[in-house]
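The following exercises concern a single protein chain. Each sets a task and then works through the solution step by step.

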Amino acid sequence: MKMKKFLKCFRSKKPGIDRTRLLTENNNNNTQDVQFEPNSGPQNAKSDGDSSRYQTLKHLDHLLQSVSTVKDIFALMNWVQTYQSEEKLCRPVETLLNGWWEKAKNKLSIIVKTYLDKILQHDRDQEDCYRDEDYIHIYVDTIQCINAVLSQELYVQVKETCFKELLTFVTRYAAEKKKALGKKVDGAAEMDKPITTHFLKTLKTCKELRKYVQTEDTIVTKEIMSALEELEADTLKLLMKFVSGIAEKHFKVHFKSDKRQFLLLDVVEKHFPKLQFAGEEQLYVMDEAYKILAQTYLQHLIKSSQSKLKKCWCPNIEQRIREEAEQLHKTMSDLAPSVNQRNCVLLQIPEVLDCKSIDPLKLIVGRIEKECLSESEDVQLLPDVLRWKGLSKVELREVLDALPDSQIKCKPQTLFCCFSCC
């Protein structure tokens, strides 16, 4: 009988198959000519002594080497468990069977690793992920692989083995992803296709795998959680490095250019295509990107000479700033409809510039600090904005001292003030 057919018969739950006889009847280390005889199962198998049990172990080892699926190895393990519970075994045989269990767990580990390796290879080969199935395949296939083991009757005995393989998989996946995503950031300028979908997919994979293992409170699952959380943080950090890079590159030119277009927004739309199946990750990422774009805009604005801005832009720079702040929010909202508004400080800059006396300015700055709590880093730039407006040290201190319980920290005068009235 062929091995495939033999295993099918062996794992069958139909009554009348004597699996003990199946294992011991042939003494040739293979199962090519195994015969089946009616019986009620291993509980009624008549032992010929310890020699037949050693022969059973010999055939179990041979079968263990031959199995290649989770279903087949669990068929063997289920039988062995019944055999151990219903046969009176001498201590040496019992010891050998315990050793067989360790071999079985190792074999199961190899089978699971093989499946997980294929999942990882498929991810390496995948260049794009613009379809739903490409976006979710890593975590869906991985969870299905682990569930194939944990759905078996003996999953308690092998659960630790299974999660150890998952930890190895996650560790390898994280190392490869960090390297691959880093290369995409470094080579983004030469790429025609957007790179951000790969980052969103990685964030989604980490989130779903974390949700899957967080119900198991073990040392191994905690290590898996830690590895996934670290990969999430590194992925977001790399993506925001990319956003910072394109923002810096654009704004170095933007505030010296006489062109009316806000060209950065075209670049953002190119690299952050709106994906129906990635809404949650895109919202999270766009919120972080929005913070960076708004803050970088403000930083470069107050480093610019007002007089030069009026020459290359227009005399009414306040209106231009307001328009671009609104354009920024519109673009980010289009890409992620529920994104938080992060242009609050930018929208207040024109009012700060238009204000001609100190007392009303105190009220404006106080209102900005109160209304723009979600933009705390931008709020901390307000002293530099006031210097850029042209306030003296005394006037700046008067405005800031008028803010009760203010969290704004007035830093030593920086290079921003050099341009205040230029």
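At 36% relative accessibility, Thr114 counts as partly exposed, where buried means under 20% relative accessible area, exposed over 50%, and partly exposed in between (1.4 Å probe, protein chains only). The model is predicted, so local features need pLDDT of at least 70 and side-chain atom pairs count only at pLDDT 80 or more, while totals for chains, interfaces and linings use all residues. Residues are numbered from 1 along each chain as its sequence is written, and side-chain values use heavy atoms, with hydrogens and water left out.

**Exercise 1. Place Thr114 in the chain, and state how far its C-alpha atom is from that of Ser68.**

Step 1. Thr114 is found in helix α5; helices (H or I, at least four residues) and strands (E, at least two) are DSSP runs, numbered from the N terminus.

Step 2. Thr114 and Ser68 are 46 residues apart in sequence, and their C-alpha atoms are 9.6 Å apart in space.

**Exercise 2. Describe the protein chain as a whole: how many helices and strands has it, and what percentage of its residues is buried?**

Step 1. The protein chain has 18 helices and zero strands.

Step 2. Of its 422 residues, 50% are buried.

Step 3. Consider contacts (heavy atoms within 4.5 Å). Among those between residues at least 6 apart in sequence, 75% join residues at least 24 apart.

**Exercise 3. Characterise the largest cavity and its lining.**

Step 1. On a 1 Å grid over the protein atoms alone, a cavity is a set of points where a 1.4 Å probe fits but cannot get out, and lining residues have an atom within 4 Å of a point. Grid points are joined across faces, edges and corners, and a volume is the space filled by probe spheres set on the points.

Step 2. The structure holds one cavity of 30 Å³ or more, and about 40 Å³ of space lies in the largest cavity.

Step 3. The lining consists of Lys113, Leu116, Asp117, Glu165, Thr168, Phe169 and Arg172. Helices α5 (91-125) and α7 (155-186) each supply at least two of the lining residues, and α7 gives the most, with four.

Step 4. By class, the lining has two nonpolar, one polar and four charged residues. Here Ala, Val, Leu, Ile, Met, Phe, Trp, Tyr, Cys and Pro count as nonpolar, Asp, Glu, Lys and Arg as charged, and the others, Gly among them, as polar.

Step 5. Take Lys113, which lies in helix α5 and is partly exposed, with a relative accessible area of 35%. Not counting residues up to four places away in sequence, Lys113 touches Glu165 and Arg172. The C-alpha atoms of Lys113 and Phe169 are separated by 7.8 Å, although the two are 56 residues apart along the chain.

**Exercise 4. Check the span of helices α8 and α13 against expectation.**

Step 1. The expected span is 1.5 Å times one less than the number of residues.

Step 2. Helix α8 (residues 196-213) has 18 residues and should span 26 Å; its end C-alpha atoms are 26 Å apart, which agrees. Because 17 of these 18 residues are buried, α8 is largely enclosed by the rest of the structure.

Step 3. Helix α13 (residues 317-335) has 19 residues and should span 27 Å, in agreement with the 27 Å between its end C-alpha atoms.

Step 4. The buried residues of α13 include Ile321, Leu328 and Met332. Among the elements covering the buried residues of α13 are α9 (219-254), α11 and α14.

**Exercise 5. Identify which residues touch the most other members of the largest nonpolar core.**

Step 1. A nonpolar core is a set of buried Ala, Val, Leu, Ile, Met, Phe, Trp, Tyr and Cys residues joined through side-chain atoms within 4.5 Å.

Step 2. The largest such core has 72 residues, of which Tyr297, Leu298, Leu301, Leu328, Met332 and Ile349 touch the most other members. Its largest share, 11 residues, comes from helix α11 (residues 279-303).

Step 3. Apart from this core lies another, of 50 residues, among them Leu57, Tyr83, Leu116 and Val149.

**Exercise 6. Decide whether Gln348 is buried or exposed, and list its contacts.**

Step 1. Gln348 is found in helix α14 (residues 344-354), and at 11% relative accessibility it counts as buried.

Step 2. Leaving out residues up to four places away in sequence, Gln348 touches Arg367, Ile368 and Glu371.

How values were computed. 1 Å grid on protein atoms, 1.4 Å probe; cavity = no way out; pocket = protein on both sides within 12 Å on 5 of 7 lines; lining within 4 Å.
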